[in-house]
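Hi everyone, thanks for coming. Today I'd like to walk you through some aromatic contacts, so let's bring the structure up.

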Amino acid sequence: MNLTLKVWRQKNAKDAGHFETFPVSDVSKDMSFLEMFDVLNERLINEGKEPIAFDHDCREGICGMCSMYINGRAHGPWDETTTCQLHMRAYNDGDTITVEPWRANAFPVIKDLTVDRRSFDRIIEAGGYISVNTGNAVDANAIPINKTDADAAFAAAACIGCGACVAACKNSSAMLFVSAKVSQLALLPQGQPERQERALNMVAQMDKEGFGSCTNTGACEAECPKGISLTNIARLNREFIGAGFGKED
């Protein structure tokens, strides 16, 4: 296939940035989207030009590093698919593809399509953990857990922290991400001792980072590559309100 790419180029967070057009020829339908970018970057390097900066790591849809806004959709046209798992058979010969970085104040652009998502790390540091003494691995069945709760916790834990929910949201809200991280622990016995302070601290850090408020439009769930449910946001709201009532002054 022969394609035309319109790619966002930006030197750093302070640069205004602009779109740059690149023709890409002989693209195989079996290529992943990132492999197509690899081919383009090799050509740019051979021509003595600056390659396009973009995030990637595992390329297996697990790590959450890939982060491209493709033709107006986070991660591209396929549902529940990361950019690295998107393949070029999703497009046709002659297509024009517009590629942008995540757009959010809390995700400043580092360069081109690469954004700084350390705000997510700081939210996790605020409460997305349990405090336990480590040692030998505990037997998997040592603590009986209701199957329904275990499945819900597992589904929430599938969140890879890519930030597509923030990019898709008109308010740049991180509620789906935070709610998934709160839910996966709130549903399990191991998460109970720090349950209240976890909800309060993580929401406070989310607000501090400058993410917007949730207005329940559902764009986050629709674009999430792991299909994280909006029910987690409802659970986070209950956790936050309940923690507020139970907090001692």
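Let's start with Trp 8, which is buried, since its relative accessible area is 11%. Keep in mind as we go that this is a predicted model.

So what sits around Trp 8? One partner is Phe 19: the two rings form an edge-to-face aromatic pair, 5.0 Å centre to centre and with 80° between the planes. Trp 8 belongs to strand S1, residues 3-9, and Phe 19 to strand S2, residues 18-24, so this contact ties together parts that are eleven residues apart in sequence. Phe 19 itself is partly exposed, at 40% relative accessibility. There is also a charge to look at: Arg 103 lies over the face of Trp 8, at 4.2 Å from the ring centre.

Now on to another pair, Phe 107 and Phe 120. Here the ring centres are 5.2 Å apart and the planes meet at 75°; anything over 60 counts as edge-to-face, so this pair gets that label. And which parts does the pair tie together? Phe 107 is in the loop between strand S5 (96-100) and strand S6 (109-111), while Phe 120 is in helix H2, residues 118-127, so the link joins parts 13 residues apart in sequence. Buried or exposed, these two? Phe 107 is buried, with a relative accessible area of 1%, and Phe 120 is buried as well, at 3%.

Stepping back, the structure holds nine aromatic pairs. Ring pairs also link Phe 33, Phe 37, Phe 54 and Tyr 91 into a cluster.

Terms used
Residues are numbered from 1 along each chain as its sequence is written. This is a predicted model: local features need pLDDT of at least 70, side-chain atom pairs count only at pLDDT 80 or more; totals for chains, interfaces and linings use all residues. Side-chain values use heavy atoms; hydrogens and water are left out. Rings of Phe, Tyr and Trp (its six-membered ring) pair if their centres lie within 6.5 Å; planes under 30 degrees apart count as stacked, over 60 as edge-to-face and the rest as tilted. Helices (H or I, at least four residues) and strands (E, at least two) are DSSP runs, numbered from the N terminus. Buried means under 20% relative accessible area, exposed over 50%, partly exposed in between (1.4 Å probe, protein chains only). A charge sits over a ring if NZ of Lys or CZ of Arg is within 6 Å of the ring centre and within 35 degrees of the ring normal.
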